[in-house]
Amino acid sequence: MSYILVIDDEPLICWLVEEALRGSGYRVKTAPDWQKGLSLAREEAPALVLVDLNLPGKGGVAVLDELARLAPGVPGVLITGEPGEVSVPQAAFVLRKPFDLSDLRRLVQEMVPLSGKP
């Protein structure tokens, strides 16, 4: 059974996303930094990765690049609170903070349907 990987240095974001997705039936792992996130992805490939754009040390775009090498074909969602347009070819979707949890659940369900049991 695969899982959804959330990489964000804001503990509240990790907790909210984890609670929302677990409540919908998903298995979720969180990482407070890019090193832990990549370590988790090396141990077991995720079905989907949600990563913060502005991670300290290595930004979300660089993390998505690395994840593409570790787990080819795994889609990535970039989470950002940045104003203005953010276009990142590595990301399947850009999710803006603050986001509605029902929108998050819907997005994840579209990308990783529960019928596939992540």
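The expected span of a helix is 1.5 Å times one less than its number of residues; helices (H or I, at least four residues) and strands (E, at least two) are DSSP runs, numbered from the N terminus. This is a predicted model, in which local features need pLDDT of at least 70, side-chain atom pairs count only at pLDDT 80 or more, and totals for chains, interfaces and linings use all residues. Residues are numbered from 1 along each chain as its sequence is written, and side-chain values use heavy atoms, with hydrogens and water left out.

Select α1, residues 11-23. Its 13 residues should span 18 Å, and its end C-alpha atoms are 18 Å apart, so the two agree.

Zoom in on Glu 18. Its relative accessible area is 15%, so Glu 18 counts as buried. Leaving aside residues up to four places away in sequence, Glu 18 touches Val 28 and Thr 30, where contact means heavy atoms within 4.5 Å.

Just after α1, pick Gly 25, which has a positive phi of about 105 degrees.

Finally, show α2 (34-43) with α3 (60-70): they pack at an angle of about 15 degrees, axes 10 Å apart. Axes are lines fitted to C-alpha atoms, for helices over the stretch in contact, and angles run from 0 to 180 degrees between N-to-C directions. The contact is made by Trp 34, Leu 38, Ala 41 and Arg 42 of α2 and Val 63, Glu 66, Leu 67 and Leu 70 of α3.

How values were computed
Buried < 20%, exposed > 50% of the residue type's maximum accessible area, 1.4 Å probe, protein only.
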